[in-house]
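Me: I would like to go through this assembly with you, chain by chain and contact by contact. Please keep the answers plain.

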Amino acid sequence: MDLGQFILMRQELLLTLAAVVVLIAEIATSEKNKARLVPFSIGLFALVTIIGFIPGQEGTLFGGSYQSSPLTMFMKNILNMAVLIIFLQAEGWLRKEENLDKISEYFILTIATLIGMNFMISAGDFLIFYIGLETATIPIAGLAAFDKYKSQSAEAGIKLILSSALSSGILLFGLSLLYGATGSIYFADIAGKVAPNALIALGFIFFVSGMGFKISLVPFHFWTADVYEGAPIGVTSYLSVVSKGAAAFIFTIILFTVFKNIVDMWQPLIYTLAVFTMTLANLFALRQDNIKRFLAFSSIAQAGFILLGVLNAGELGMTSVVYFVLVYVFTNLGAFGVVAAVHNASGVETISGYNGLYKTNPKLSLLMTLSLFSLAGIPPVAGFFGKFFLFTAAAGAGYYILVLIAVLNATISLYYYLRVVKAMFIDQNEQPIPTFRSSNAMRLALVMCVAGVFIIGFASGIFEYIRTISQLFLN
Amino acid sequence: MNVFLFYLFSGIILICSLLTITTRKILRAAVYLLCVLLATAGLYFMLNYQFMAAVQLTLYAGGIVVLIIFSILLTSHISHRFKHPDLVKLIMGVSTAVVGAGLVIATLLSHSFQAGSAPELPVDMTVIGTQLLSTEKNGYVLPFELISILLLAAMIAAIVIAKKDKNKNSEI
Amino acid sequence: MTGYAYTILIPMIPLVMFLVTGLLGMKWKPIVSGLLGTIGMGTSWVLSLITAGSYFFGGHHAEGFQTIIPFETTWLRFTETLHINIGVLLDPISVMMLVVITTISFMVHLYSLGYMKGEKGFARFYAFLSLFTFSMLGLVIATNIFQMYIFWELVGVSSFLLIGFYYTKPSAVAASKKAFIVTRFADLGFLIGILILSFVTGTFDFGKLTEPGTAIFGSAASMSFMGISALTWAMTLIFIGGAGKSAMFPLHIWLPDAMEGPTPVSALIHAATMVVAGVFLVARMFPVIHFQAPDAQEIIGYVGGFTSLFAAVIAITQYDIKRVLAFSTLSQLGYMMLALGVSGYGGEEGLGYMASMFHLFTHAMFKALLFLGAGSIIHAVHSNYMYDMGGLRKYLPITHITFLIACLTIAGVPPLSGFFSKDEILVAALHHNKLLFAVEFLVAGLTAFYMFRLYFSVFWGKDRHYHHTPHESPLTMSIPLMFLAVASVFAGFLPFHHLVTSDKMGFDTEMHMAVAAPSVLIGLFGIAMAWILYKKESAVPEKLAQRWGILYTATYNKFYFDEIYLFVTKKIIFNYISRPIAWFDRHIIDGFMVGIGLVTEKIAYQIKGMQSGQLQHYAFMFVAGTLALALSLVYFLM
Amino acid sequence: MIQGIPLEHFLIVSTIMFFIGVCGFIIRRNLITMLMAIELILNSVNINFVVFNRYLYPDQLQGHFFSLFIVGIAAAEASVAIALIINIYRKLQNIDVENVNELRF
Amino acid sequence: MNILTSLVVIPILTIIAILFTKGLKGARLVSAIGMGVQLLVTAVLLFSYLGLRKAGVTDEMVFTADYTWFKSLNIHYFIGVDGIAVAMLCLTSIVVFAGIFASWEMEYLSREFFISLILLATGVYGFFISLDLFTMFLFYELAVIPMYLLIGVWGSGPKESSAMKLTLMLMGGSALLMVGIFGIYYNSAPDGGPLTFNILEIAKIQMPVEAQRFFFPFTFVGFGILGALFPFHTWSPDGHASAPTAVSMLHAGVLMKLGGYGCFRVAMFLMPEAAQEMAWIFIILTTISVVYGAFGAIWQTDLKFINAYSSVSHCGLVIFALLMMNETGMDGAILQMISHGLMTALFFALIGMIYGRTHTRDVTKMGGLMKVIPFLAVVYMIAGFASLGLPGLSGFVAEMTVFVGAFQHQDMFHRVVTVVVASSIVITAVYILRVVGMILLGPIKDSHHEHLEDAKWFEKLSTVTLVLAVAAIGIAPLWLSDTIISSLKPIVERLAMAIPF
């Protein structure tokens, strides 16, 4: 194996390097200057993100354990961008006094999980996939418990780690059955041997449950709301966007490549999960008052929509899923950004606390509205395009009734998104959140989100590019 | 002999597993768990996977169980007996376990496993060592490296959580 | 043909006047609008007279009168064959109507200069008058039935506006609403009739419809609905439209209430012109009705006959002079309808048709005169009620004389015009239907009676306590009275049977003494009765009223028709249809939609227990979910 | 391969162990016991991998290595979980899972 | 730039310009200028369209422009207009223009108000020029959503719940629609070849009959909900009652027309066989709509409710006429759309102005307004007359065309329901006159109403614009009707060729 081939892994390697540099910087900075780690790390990460966009080659490493293609690189870039935005949004929070001694940990842990996700996406066998998955999960539990003065944060951490352990146990059990049935852990080998028999079905379902946990599909989603609510916002947004997005990517990839022989079997399964996920999540979201919890259920519902794209086991399905996640990154981070900004400035985390926000902070309210509309799939923002293409994919596979259910669910979701809009614009408040000015990093992050939300939809080139690379990947 | 040993280990595994989750004293649960793990190591020996068995003994039995026992000592009183489990949860747990086990076993039994025809690979330390550091197919250097990142991250995570808050000394 | 191009001006001048006075009137002194309107109307009148002169007398008409269309343009195209044209159609009846309308309208314009003086909204009044005149003219010169419908509606609206002229008076508002809605209901019939007719024949054009021996009905004969032929349906429905405007029973109820409008308006619209639109419509469609839908013609005859009797009976008991006149109008309109209903086609056979038109003409003159006279009286005593009047002959000499002439005319005293026209109708009825003849004969007597009851109680008897001495109206008001009186006297000598006939060919006719003599006698009898009862103040009418008891009360209350209508509209439509629908909509349909939302929300609260915060519940759900999926899938596979 | 013992017997043992673990996770109140239940689950998975490898596919060591890595990850997981449990204990003074329900509905 | 594209670009530029203004004065001035320009552009469009037709251009669509957007899905930004679209665009421009002036004194968050309003208009313009189902749908949703804020923030009464109901019901409609659009898309190339969203392309093929049967109801009802099709109309009374003046105007005047327009341009045009087969169901529903809406209006006491129910009735007539599927009937439907759009906008403008003075919309609490605010009262009466179909105003032209067209249908069932529908003209007269009688005429009921101020200049401008349009159509309908009919030919022919199966 030629060392030059490591260039295929450059995103992972760069991230590792970045983590190491942050670690060294942590050691090198004095106690007083800890706060400087924040811009340093963000800058470093921005560099990594930018380098990631240099086009790469298609190829495999380690005898097929690691595979890279423009599609996987693009997915990783999406995640990188998301993490960059999250870092920018977390800046204000990290600079708070109680977090000063944990700055580098935050960055290292986040980057470590990101490395795990990158490997997960590029995995060519279930071992890498599994280790990547765990790398992407276990440290997050630590992150979730970051706000140590809050018992909620601790609760979020413990709930996350225990549920994830159970889910990965079940996932592993499924993998063991698949191994038993096919005799390999390599995707390429398994794909050829997968057949619709009961053992493989069982293994497959256990696998889907494990993935369902990561993507938060009903009924594997229960941890989501609690953890999202308890965790610090910077972590919640990471969980809801990056972690979920990465899981959705690999889930789609595995379904489309490894299990493509049993499409007929998993489509009804995904169908059922999609219906339950959308409907139940929407029902739960209806009556939430905590905005993070609310966004948690909203993100579960969004996961249900993603499944619609998954149902079309072809280029269009892959394209629509990737495209949707891309849109979702900017959209959801826009919403979380506002939540974070408001929380940093006033500590408010409830929807009713947002009453009258427009009067005092019009720009933030507008941004929130845009994000929520995008989540609901309202034009002209990107969410509309994302949803439309997901539905196109599902309809293309003939699932018209599911599309109807999905769009009706989108209507229900509009109801609760509008509730937030209503709070900000319509409801009166004796003591609204006072006008405040967010940090520059936050503003930059929000501007990126707005730009993303507007550009991704109209710039069809992005969609076409994803389509091309999906085609390349699947053939 | 082998058969006897298998059933012995299996019996220990099953009974101790059951006891682990039913005993009302937590330290005993840890001990039962240790028994399970040891018996599993026994099975690995029987299957001629000595390395695996060794890892099981050192890492699992030696590492994790010790960790657990430490944490038990930190957080519980030895004499503390658990309350009986909630009836609802009991029904939930047992029913899922029974249904699940039934389903999986039925499926397993109905499946006709076919052994591969390829020649057996001898499992000695050289093979394991080579494969662990090989970059080819069936080489495990990448997972090996990856897990190191994971372990590092887990360590940092554990430290972050366990680190005492500088500002808030009131807690413990 | 092009020689008549100027006729387009006849309706256009009032339209322009409407726009000018309507938009700018409030900026000027009121009188300017009045004068402008009057001058405009006068011009139209002159033009109409010129038209009539040249049309009727400007050449020999051995071949019958030509139908002339000096102007026509497509207004709206539905299909290749069906299009609404707007144009001017000149034939005997339309030319006659032009004269009637412009004459009366001009008189009313003139009269109103005095009558309406100082009224708030003087300019508005003239604007509306112009609008009405325009609409009415447009109606009569319509070249096709749809144009007629258009102006028909416009006429309805102008009538609405004028009845409700005193818009702050609730009774006026109610009356205008009633008039509009009742006629609107009838118009629906008209519209559906037009739809059927156009479906059957594929044309709206009067020329094609009324052409003798036309082939367009060829396919129509076979069409029927519910056992009745399509054309009978069409014609009956169209007649309903006409009946609405002409206030035929049972759609008559709006007319008496319409007297809430200013008296000149009553004279113009509710006596002379608009109410005869229905008669005109039937006359216009006469060949179709007569040849294609004889059943419909029967209906027209009987409805006309019944209405005339019914209204005459009610008129006897009314005290409001305008209402008496209104019921008298109803009665006379019944005459005209009846005449059309009993008429044949062509020559002597078409006597009824000719008589109807003749009566329309004379009636317009004398009824307008009566109304204007009544206006003059009301102007003088500021009351509408007979019991506030008496002995007015001394104070209002001109009014008295002209009113007397009018009464005599309507009573059919020869040689006044009413005598001739009514006589022709009776003859036609006698030829056709003895029952109808008997009714009309009776009505002739009743008419004379109630008109002279009115006359005697107003002008004779003893003085009442007037707030100020009644005085004769100004010249602007008395000139029209005098003019119309003259017209009423001499109109009877017009050779209508040479001019306005069913087949546009003149025919010769003569006095039918066998009919004329008894009818004059019964008229005189009626006058005599009135003289006995009402010449002097006496208790006899009171006693008679008491003796007849219930019958009198019923008659006085117009046989409770208003109440029935009120019941239908208020109770049935409002309370039993609209209210339940509104309720149904709010509670059932909307309730269902809202219910979906509520149920969703309810479910959302019901299921919140699933998210209990208990990690182990979550774990159970997780595993149970997995197993459920596994069970179903494995089962599905096996 | 062990003479006289069919593959299925191993699998049955591991399956039962797996579900005992699941059951334990659901019924035990103590967070540490739940963690132990997880260990049971992972252990059963390990047996599966190893047994499949030995019985069916002895030409390579994929299952073997998979188990090996699972053990490593289990250790990492356990360490973080225990840190978190201790963290909870600091907040709540006990480690009963039923008290960890501040976040709900 | 294509003149049609400029119709979308101008509002967007206006919105951007409003962003740079401060306060009410700037915002309304910029809006008025922007929409005034828009009105001019529409007029130019109208005349150039008529010019093209006169010059003998017989293309089905003119001013077309086609840009590929999402290439792999064959989504295009494909625009073009025929006579119908031009007419609808004119309607939109007029109503929007009037709407801006009707909200001249919108003090509260004025910039935001005008932005939302113009955003709504942008969606409408985009919808009418689109010939690609995707862009059409995009603009459709774009038009619906600002409604929520417009009603919720600037409305009155139970505004939040009304806004929510309206938005959700309309989005529910678009859910059905979306399924329909996908169905059309995936059946747009039954013989192989690329799938397409292009309406003109799809119109050239025949969609498989089974697919039509399945997707026609989705599409039709989806659009029908926006067109207040019974029984999916209940968003309309609440929404209109709570909406601020200009929004009611735009919504009832223009937005509801999107429903009718979509019904024939998409549902019926692309799936003619199914349309023929299922028409009877919707004919019954619309017949109910027409009569039921009118009866519903009689009982109401809130002016806006009356008008909302009246809209249900009138919009029902639109769809009813469309389903007659002959030239005249459909011509009537489109005339009715335009006519209703204008007069209902006028109504809502007036109601808003009256409400602004009397602070009540309860008809039982007002009276004799003719005396104090004659201008508004007279215009209200004109609007009322237009609504009840007085000749010389647009309502008559539209209704008569509908009735004549419907009655020309060869099938007895159609003619019978036409008679039922025609009876609504009487009921309409009842509720219109009831209102006119109660609030405008009679004595003044409330002494506070004795010294009201009559219309200000911008109110006059707003209402007079609409009155002129109503009267123009009413007096000289021929050119409009002919323009529409000539554009209807391809649609009618396609429907006629579709043999019911």
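Predicted model: local features only at pLDDT ≥ 70, side-chain atom pairs only at ≥ 80, totals over all residues.

Me: Which chains have the most contacts between them?

Reply: Among the eight pairs of chains that touch, chains B and D have the most contacts. Two residues are in contact if their C-beta atoms, placed from the backbone, lie within 7 Å.

Me: How many residues does each of these chains bring to the contact?

Reply: Chain B brings 73 residues and chain D brings 65 residues. On the side of chain B that touches chain D, at least two residues each come from helix H1 (2–22), helix H2 (26–46), helix H3 (50–75), helix H4 (87–110) and helix H6 (141–162) of chain B. That side of chain B divides into 54 nonpolar, 15 polar and four charged residues. For these classes, Ala, Val, Leu, Ile, Met, Phe, Trp, Tyr, Cys and Pro count as nonpolar, Asp, Glu, Lys and Arg as charged, and the others, Gly among them, as polar.

Me: How is chain B divided?

Reply: Chain B has domain 1 (1–82) and domain 2 (122–165). The centres of these two domains of chain B, taken over C-alpha atoms, are separated by 23 Å. The domain bounds come from an automatic or database domain assignment.

Me: Turning to chain D, what is its secondary structure?

Reply: Chain D has three helices and zero strands, in the pattern α-α-α along the sequence. Helices (H or I, at least four residues) and strands (E, at least two) are DSSP runs, numbered from the N terminus.

Me: Is chain D spread out or compact?

Reply: Chain D is more spread out than a compact globule, because its radius of gyration is 17 Å, well over the 13 Å that the globule rule gives for 105 residues. The radius of gyration is taken over C-alpha atoms, and the globule rule is 2.2 Å times the number of residues to the power 0.38. Along the principal axes, the C-alpha atoms of chain D fill a box of roughly 50 × 25 × 25 Å. Of the 105 residues in chain D, 77% are buried. A residue is buried if 20 or more other C-beta atoms lie within 10 Å of its own, exposed if 12 or fewer, and partly exposed in between, with C-beta atoms placed from the backbone.

Me: And what about chain E, how many helices and strands has it?

Reply: Chain E has 21 helices and two strands. The C-alpha atoms of chain E fill a box of roughly 75 × 55 × 45 Å, taken along the principal axes, and 70% of its 501 residues count as buried.

Me: How far is chain E from chains B and D?

Reply: Chain E does not touch chain B, and their nearest C-alpha atoms are 37 Å apart. Chain E does not touch chain D either, with 25 Å between their nearest C-alpha atoms.

Me: Then how many residues do chain E and chain A each give to their contact?

Reply: Chain E gives 25 residues and chain A gives 25 residues. On the side of chain E that touches chain A, H7(E) gives the most, with 12 residues. By class, that side of chain E has 17 nonpolar, five polar and three charged residues.

Me: In chain A, where is Val329(A), and is it buried or exposed?

Reply: Val329(A) is in helix H14 (residues 315–346) of chain A. Val329(A) is buried, because 25 other C-beta atoms lie within 10 Å. Leaving aside neighbours within four places in sequence, Val329(A) is in contact with Ile78(A), Met81(A), Ala82(A), Val241(A) and Gly245(A). Val329(A) and Ile78(A) are 251 residues apart in sequence, yet 7.8 Å apart in space, C-alpha to C-alpha.

Me: Lastly, how do strands E1(C) and E2(C) pair?

Reply: Strand E1 (residues 68–77) of chain C and E2(C) pair in the antiparallel sense over seven bridges; two strands pair if DSSP finds at least two bridges between them. E1(C) and E2(C) form a hairpin with five residues between them, and Leu76(C) stands opposite Ile84(C) in E2(C). Strand E2 (residues 83–90) of chain C is mostly covered, with six of its eight residues buried.

Definitions and conventions:
Residues numbered from 1 in each chain as written. Chains lettered and ligands numbered in written order.
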